Amino acid sequence: MLRWLQRRAENIAALMLAVMFCAFVIQIVFRYFFNFPIGWTSELTVVMWLWIVLWGAAFVLKENEEVRFDLIVGAVGRRARIAMGIVASLSLVVLYGASLPAAWKYVSFMKVEKSSYLKIRMDWLFSIFIVFLVAILIRYLWILWHLARGREPEAADISAKAGSGL
């Protein structure tokens with residue numbers, strides 16, 4: 001079931017990318033071929049970019065695919081890696097958790113504004129940030145739970161190994 005949901009999240013991200021690409025092409029055609037710039041395509045492109053980045057970070061990107069600086073983590077033993085993972089996860093849960101009420105307040109406040117061309121309420125446009133925060137909080141609480149039970153953090157997904165020439 002979880003794998004199926006992950007695939008649907010990837011499908012939604014791909015759909016958003018397709019919408020962004022089509023809007024971008026329409027913008028180029030109208031601006032440079034018809035000498036008639038249109039604003040809604042630019043706005044739609046920016047909105048889709050915002051949603052793709054936060055949607056992808058929340059639901060598509062796996063933990064071992066995140067950018068990491070793991071020189072120190074890779075050089076220490078198992079127990080130290082678990083301890084470092086607990087500190088990092090706990091820090092993220094505390095920081096994101098502390099920011100959630102203020103983020104909710106700001107997104108709720110933005111209902112008074114609408115986008116310039118598409119006339120979409122800004123609270124709807126920025127709601128993806130709340131979804132992102134909640135998803136990341138759940139992810140790191142899950143990771144923290146596993147680390148507290150002694151499970152070592154996942155190794156980073158390294159495509160280019162040392163000495164591979166890449």
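**Close-up views of a predicted model**

**View 1. Glu43 is buried (under 20% relative accessible area, with exposed over 50% and partly exposed in between; 1.4 Å probe, protein chains only) yet has no salt bridge.** A salt bridge is a side-chain nitrogen of Lys or Arg within 4 Å of a carboxyl oxygen of Asp or Glu. The nearest side chain of opposite charge to Glu43 is Lys119, 7.7 Å away; Lys and Arg count as positive, Asp and Glu as negative, and His and the chain ends are not counted.

**View 2. Arg7 forms a salt bridge with Glu10.** Their closest N and O atoms are 2.7 Å apart. Arg7 is partly exposed at 38% relative accessibility, and Glu10 is partly exposed at 23%.

**View 3. Arg121 and Asp123 meet in a salt bridge.** The N to O distance is 2.5 Å. Arg121 is partly exposed, with a relative accessible area of 33%, whereas Asp123 counts as buried at 11%.

**Notes.** The model is predicted: local features need pLDDT of at least 70, side-chain atom pairs count only at pLDDT 80 or more, and totals for chains, interfaces and linings use all residues. Residues are numbered from 1 along each chain as its sequence is written, and side-chain values use heavy atoms, with hydrogens and water left out.
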